[in-house]
Amino acid sequence: MSEIVLDVKGLLCPLPVLKANRALQTLEKGKNLRILATDRGTIKEFQEFCRQTGHALIAFSDHGTVLSFLIKRK
């Protein structure tokens with residue numbers, strides 16, 4: 001499964017979500033976007049973003065300082 005990676009490490013909310021939204025708009029339906037972030041506030045932000053937009057948050061992992069989100073475009 002191919003995916004596009006968006007590195008937003010070092011950025012604070014709401015910038016990671018805004019950049020992810022822009023990146024998702026360029027993807028075909030059903031494609032995946034992996035987001036790498038460091039702001040812990042993005043955990044709730046991406047959950048809410050996916051709930052509101054209909055994109056699927058299909059994976060989340062916490063690697064200590066780096067958070068990884070895998071979102072499937074609706």
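A disulfide is a pair of cysteine sulfur atoms within 2.5 Å. The views below show a predicted model, in which local features need pLDDT of at least 70, side-chain atom pairs count only at pLDDT 80 or more, and totals for chains, interfaces and linings use all residues. Residues are numbered from 1 along each chain as its sequence is written, and side-chain values use heavy atoms, leaving out hydrogens and water.

View 1. The structure holds zero disulfides. Cys13 is in none, and the nearest cysteine sulfur, that of Cys50, is 13 Å away. That is too far for a bond. Buried means under 20% relative accessible area, exposed over 50%, and partly exposed in between (1.4 Å probe, protein chains only). Cys13 is partly exposed, at 29%. Cys50 counts as buried, at 5%.

View 2. Helices (H or I, at least four residues) and strands (E, at least two) are DSSP runs, numbered from the N terminus. Two strands pair if DSSP finds at least two bridges between them. Strands of a sheet pair through backbone hydrogen bonds, either parallel or antiparallel. Here four strands form an open sheet in the order 1-2-4-3, with mixed pairing. Strand 1 (3-7) and strand 3 (56-62) stand at the edges; each has a single partner strand, so one side of each has no neighbour in the sheet. From one strand to the next, the twist averages 20°.

View 3. Strand 3 and strand 4 (residues 67-72) run antiparallel, joined by six bridges. Ser61 stands opposite Ser68 in strand 4. Contact means heavy atoms within 4.5 Å. Axes are lines fitted to C-alpha atoms, for helices over the stretch in contact; angles run from 0 to 180 degrees between N-to-C directions. Helix 1 (residues 15-26) packs on the sheet, touching strand 1, strand 2 (32-37) and strand 4, and its direction makes about 160° with that of strand 2. Helix 2 (residues 42-53) also packs on the sheet. Helix 2 touches strand 2, strand 3 and strand 4, making about 5° with the direction of strand 4.

View 4. Pro16, Val17, Ala20, Ala23 and Leu24 are buried in helix 1. They cover an arc of only 125° around the axis (taken from the directions from the helix axis to the C-beta atoms), which puts them on the same side of helix 1. The face turned away from this buried side carries the exposed residues Arg22, Gln25 and Thr26. The buried residues of helix 1 pack against strand 1, strand 2, helix 2 and strand 4.
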